[in-house]
Amino acid sequence: MAVFSNVKRLHRHNVATLRSSPLAEISGALGDLGTLLPLMITLAVNGSISLSTTLVFSGFFNIATGVVFGIPLPVQPMKAIAAAAIASHVSERETVAAGSVVAIVVLLLSVTGLLHWITRVIPIPVVKGIQFGAGLSLIISAGTSLLQPFSHRWDFPLDNLVWSFAAFLLLILTIKATRFPYALIIFVVGLILAFVSVVTISHRHLPHFRVWGPYVRLPWWSADAIGMGIAQLPLTTLNSVIAASALAADLLPDLPTPSVTALGISVAAMNLLGCWFGAMPVCHGAGGLAAQYRFGARSGASIIMLGLFKMLLGIIFGETLLDLLMAFPKSLLGIMVIAAGLELAKVGQSLNHGASDLWESSVDQNKRHRDVSDEERSERWTVMLMTTAGILAFKNDGVGFVAGMLCYWAYRVVDWIEKKRSRRSGERAPLLHA
């Protein structure tokens, strides 16, 4: 595959970037914690995944992703599966089975070329709408699940809206300093607050030495597991593969862009390997990529370091980390998620200027940006917003995708009818004149 032919070049890029901006790469590696920690912790508490196995396997996948793709591509929870597993308290065997269902389907789509074909027929405004909707969804989820509980709660000094305001103020003050290690600072502060919280609460315990003991867990492909996997499919194919590939091209144009086929095979391999050991179902994602880029990551070195850190924690401490992770302030995580959502939503600004479908080859073999009429700008903007509206209204990427495609083809049908009418009027004109 072409992906592996770039490994040497990407390795040089990883090393050079880490040497030139080590703090920014470390900070960027922590950019997606706002998505990872809440879901991973809740699933572990419910017994739906193994925390130690998830840390070890996801850490290994982080390292492999950084080496092979050379960009800060995240390894994050499959959100639809995680949400359903948390709501229904499903077993560990069913949770991993749901991830394997997604992996099998995505693998078939990738190796048959269907995923690549799907990417070519999806209009850019729909892809931008998926990215824009995912960004706004992150912002909404930060407000409802992470920050909303603190609106009437001030009794706990280590996790309240005062800390959120301080983190937000720091975010605003450093908004133009793109390589400022914001996420690293927030992570260190949050870790200190979590440590103090665990020490001062009697029923919680600090992490202690417990070597990870891997075990084989046979997935249970129940009706609930298959249903969770099917519900995850639109999110994985559209956001974790197609939108992530498009976003990588937008944010890091000087590096080889991972193809949708390569990303699809990567998602399939991660879950087909991890599902036998109780690891959390994972995927890549446009939101995580935007988060890690926003907080300074520009190479695969960031997630390689994150992967090493996660593997070390999982092997040495394992399940004993749960109390400390549960105590990490959600008030700080919420601001990090908002910043990530804004970064992802910003890609919508290139819809009518700079989008990949607006560049065309010229006579001298150089690409030039084609002019876009006001009418076409309006149509593209409407299609993107229709896609976003479907995602936000129904909280489902699949619904947003269908809404955007219907809107796009409605415009194409109207154009076809108008062309037919103009052609007929053109044919009749000479006869009427005669």
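Q: OK, which side chain does arginine 217 meet in a salt bridge?
A: Glutamate 92, at 3.3 Å from N to O. A salt bridge here is a side-chain nitrogen of Lys or Arg within 4 Å of a carboxyl oxygen of Asp or Glu.

Q: And where in the chain do arginine 217 and glutamate 92 sit?
A: Arginine 217 is in the loop between helix 11 (182–200) and helix 12 (223–251), while glutamate 92 belongs to helix 7 (residues 92–111). They are 125 residues apart, so the pair links distant parts of the chain. Helices are DSSP runs (H or I, at least four residues), numbered from the N terminus.

Q: Before I go on, what kind of model is this?
A: A predicted one: local features need pLDDT of at least 70, side-chain atom pairs count only at pLDDT 80 or more, and totals for chains, interfaces and linings use all residues. Residues are numbered from 1 along each chain as its sequence is written, and side-chain values use heavy atoms, with hydrogens and water left out.

Q: Back to the pair: is glutamate 92 buried or exposed?
A: Buried, at 11% relative accessibility. Arginine 217 is partly exposed at 33%. The cut-offs for relative accessible area are under 20% for buried and over 50% for exposed, with partly exposed in between (1.4 Å probe, protein chains only).

Q: How many salt bridges are there?
A: The count comes to 5.

Q: What does aspartate 250 pair with?
A: Lysine 128, with the closest N and O atoms 2.9 Å apart. Lysine 128 is buried at 4%, whereas aspartate 250 is partly exposed at 33%.

Q: What about glutamate 343, which lysine does it bridge to?
A: Lysine 346, at 3.5 Å between the closest N and O atoms. Glutamate 343 is buried at 11% and lysine 346 is partly exposed at 42%.

Q: Which residues are linked in a network?
A: Glu379, Arg412 and Asp415, through salt bridges.

Q: Changing topic: where's methionine 336?
A: In helix 17 (residues 330–345). Methionine 336 is buried, with a relative accessible area of 1%.

Q: What is methionine 336 in contact with, leaving aside neighbours within four places in sequence?
A: Leu30, Gly31, Tyr182, Ala183, Ile186 and Phe295, where contact means heavy atoms within 4.5 Å. Also, the C-alpha atoms of methionine 336 and leucine 33 are separated by 8.0 Å, though those residues are 303 apart along the chain.

Technical notes:
Helix = DSSP H or I, 4+ residues; strand = E, 2+ residues; numbered from the N terminus.
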